[in-house]
Amino acid sequence: LSVESVARELDISASYLMMLFKQELGTTFNSYLTEYRIKTAIKLVKKNEYKIYEISEMVGYKDSDYFTRIFKKVTGVTPKKYMKG
């Protein structure tokens, strides 16, 4: 998922979509997307039913190491530590 692909689906330019996001939500498209992905990942981590790489893929990150870095940046802990409470 990217700003370009969403803009294409909406038949508007990427720059216009980014401007609308900032204007209406007070955040960037990428920040919003990251926040949404991590919130979804947190729900999946709490279920304790999936491996970290599976959660990574489920929320749109192909590289589980990168996902772990982003997760830690947002939450302050790694997904494994989050699982353990």
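Arg 37 lies over the face of Tyr 61, at 5.0 Å from the ring centre. A charge counts as over a ring if NZ of Lys or CZ of Arg is within 6 Å of the ring centre and within 35 degrees of the ring normal. The model is predicted: local features need pLDDT of at least 70 and side-chain atom pairs count only at pLDDT 80 or more, while totals for chains, interfaces and linings use all residues. Residues are numbered from 1 along each chain as its sequence is written, and side-chain values use heavy atoms, with hydrogens and water left out.

Tyr 61 also belongs to an aromatic cluster, together with Tyr 66, Phe 67, Phe 71 and Tyr 82. The structure holds six aromatic pairs. Rings of Phe, Tyr and Trp (its six-membered ring) pair if their centres lie within 6.5 Å; planes under 30 degrees apart count as stacked, over 60 as edge-to-face and the rest as tilted. Phe 21 and Tyr 32 form an edge-to-face pair, with ring centres 5.4 Å apart and planes at 65 degrees. This pair links distant parts of the chain, 11 residues apart: Phe 21 in helix H2 (residues 14-25) and Tyr 32 in helix H3. Helices here are DSSP runs (H or I, at least four residues), numbered from the N terminus. Phe 21 is buried, at 15% relative accessible area. Tyr 32 is partly exposed, at 40%. Buried means under 20%, exposed over 50%, and partly exposed in between (1.4 Å probe, protein chains only).

Phe 71 and Tyr 82 also pair edge-to-face, at 5.6 Å centre to centre and 85 degrees between the planes. Phe 71 lies in helix H5 and Tyr 82 in helix H6 (residues 79-84), so the pair ties together parts 11 residues apart in sequence. Phe 71 is buried, with a relative accessible area of 0%. Tyr 82 is partly exposed, at 27%. Val 77, in the loop between H5 and H6, is partly exposed at 29%. Val 77 touches Phe 71, Lys 72 and Tyr 82, not counting residues up to four places away in sequence. Contact means heavy atoms within 4.5 Å.

Helix H3 (residues 29-47) packs against helix H5 (residues 64-75) at about 95 degrees, with axes 10 Å apart. The two helices are therefore roughly perpendicular, a term that covers 65 to 115 degrees. Axes are lines fitted to C-alpha atoms over the stretch in contact, and angles run from 0 to 180 degrees between N-to-C directions. H3 contributes Thr 34, Ile 38, Ala 41, Ile 42 and Val 45; H5 contributes Phe 67, Ile 70, Phe 71, Val 74 and Thr 75.

Notes
Angles under 35 degrees count as roughly parallel, over 145 as roughly antiparallel, 65 to 115 as roughly perpendicular and the rest as oblique.
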